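Let's take a walk through this protein together, one spot at a time. Keep the viewer open and click along as you read.

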Amino acid sequence: MGAIKKAIILAAGKGTRMKELTAEIPKPMLLVNGVPVLERIVRNLGAAGVADLLIVTGHKAEAVERHFGDGGAFGSRIRYARQATQDGTGRVVELGKSFAGNDPFLLVYGDILVEPSAYHDLVREFQNRKGATGIITVNLGEDVAKGGALVFDRDFRLKDLVEKPSPEELLKLQASPGFKPWYNAGLYAFTPALFAHTARLKKSVRGEYELTDAIRTLAAQTAGVYGMEIKGYWIDVRDPELLARAQSLVR
């Protein structure tokens, strides 16, 4: 696999927890110190050499497409796909299959802000992990019951991943040797091998097609999914309080 030059950005959600703030614009277009969250992501990806982008839109899609156009003003080449039905992160990734083709790619959520260096780090980690089929970024200090909890071996190879674990599931994970409460930071690198697993997804108990289920089967089949700890700030801009936090951390 060559160097990563492509990224799929998921920006289709409604952002219901933002209430009136997303009545007229999609959540990724909310401003952090005067700049839309999604624009920060696009520019930081470009700075890391990842400038061929597919943005998956949904709610208020026109606002995104009008702002970015073909991406030329941002030093990128941007294409779009629209998610017609909100049925989970596993299904929406399928919209990027033809865009990715035979190339590795980053998968990025359009409402998560990280240090610009995180994109450089992820591209480099993928290059350095020979035979990797995926890299999943993680951090410590978040409540894993609210996201994805991960278990790795001593080589940071993924052993298990549980989406929003129940108290019983969390107790079982905590019994794993060397367990740390690694939280899924929502920034990934993948080979196209991922699509064989998203294509076979069935709905979870939550009634959605879960990306984490595809990652779990990819890891089990290839033994090639690894973790990478995010350095610096990490903000999931999911509600007004975290949006306010972002204003004080992100410059």
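## Before we start

Two residues are in contact, or touch, when they have heavy atoms within 4.5 Å of each other. What you see is a predicted model, where local features need pLDDT of at least 70 and side-chain atom pairs count only at pLDDT 80 or more, while totals for chains, interfaces and linings use all residues. Residues are numbered from 1 along each chain as its sequence is written, and side-chain values use heavy atoms, with hydrogens and water left out.

## A loop residue and its contacts

Leaving out residues up to four places away in sequence, Ala 48 touches Tyr 119 and His 120. Ala 48 sits in the loop between helix H1 (37-47) and strand S4 (52-57); helices (H or I, at least four residues) and strands (E, at least two) are DSSP runs, numbered from the N terminus.

Is Ala 48 buried or exposed? Its relative accessible area is 14%, so Ala 48 counts as buried. The cut-offs are under 20% for buried, over 50% for exposed and in between for partly exposed, using a 1.4 Å probe and protein chains only.

## The largest pocket

Rolling a probe the size of a water molecule over the atoms shows where empty space is left. Here, a pocket is an open set of points on a 1 Å grid over the protein atoms alone, where a 1.4 Å probe fits and protein lies on both sides within 12 Å along at least five of seven lines; lining residues have an atom within 4 Å of a point. Grid points are joined across faces, edges and corners, and a volume is the space filled by probe spheres set on the points.

The largest pocket has a volume of about 1,200 Å³. Its lining has 37 residues, and Arg 17, Lys 27, Thr 89, Tyr 109 and Asp 111 lie nearest the centre. Which element gives the largest share of this lining? That's S11, with 4 residues. By class, the lining holds 11 nonpolar, 13 polar and 13 charged residues (Ala, Val, Leu, Ile, Met, Phe, Trp, Tyr, Cys and Pro are nonpolar, Asp, Glu, Lys and Arg are charged, and the others, Gly among them, are polar).

Lys 27 is in the loop between S1 and strand S2 (31-32). With a relative accessible area of 11%, Lys 27 is buried. Its side chain makes a polar contact with the side chain of Asp 111 at 2.7 Å. A polar contact is a pair of N or O atoms within 3.5 Å; within protein, one must be able to donate a hydrogen and the other to accept it, and residues adjacent in sequence count only if both atoms are side-chain atoms.

Thr 89 lies in helix H3 and is partly exposed, at 25% relative accessible area. Apart from residues up to four places away in sequence, Thr 89 touches Tyr 109, Tyr 209, Glu 210 and Leu 211. A polar atom of the Thr 89 side chain is 3.2 Å from the backbone nitrogen of Leu 211.

## The second largest pocket

About 180 Å³ of space lies in the second largest pocket. Among the residues lining it are Val 162, Glu 163, Ser 204 and Arg 216. Strand S10 (158-163) and H8 each give two or more residues to this lining. The classes split into 2 nonpolar, 1 polar and 6 charged residues.

## The nonpolar core

In soluble globular proteins, nonpolar side chains tend to be buried together. A nonpolar core is a set of buried Ala, Val, Leu, Ile, Met, Phe, Trp, Tyr and Cys residues joined through side-chain atoms within 4.5 Å. The largest one has 88 residues, and Leu 45, Leu 106 and Leu 113 have the most contacts inside it. S11 supplies the largest share of this core, 7 residues. Beyond its neighbours within four places in sequence, Leu 113 is in contact with residues including Val 32, Ile 41, Trp 234 and Val 250.

Most residues other than glycine have a negative phi. Phe 156, in the loop between strand S9 (148-152) and S10, has a positive phi of about 65 degrees. Ala 223, in the loop between H8 and strand S12 (225-229), also has a positive phi, near 50 degrees.
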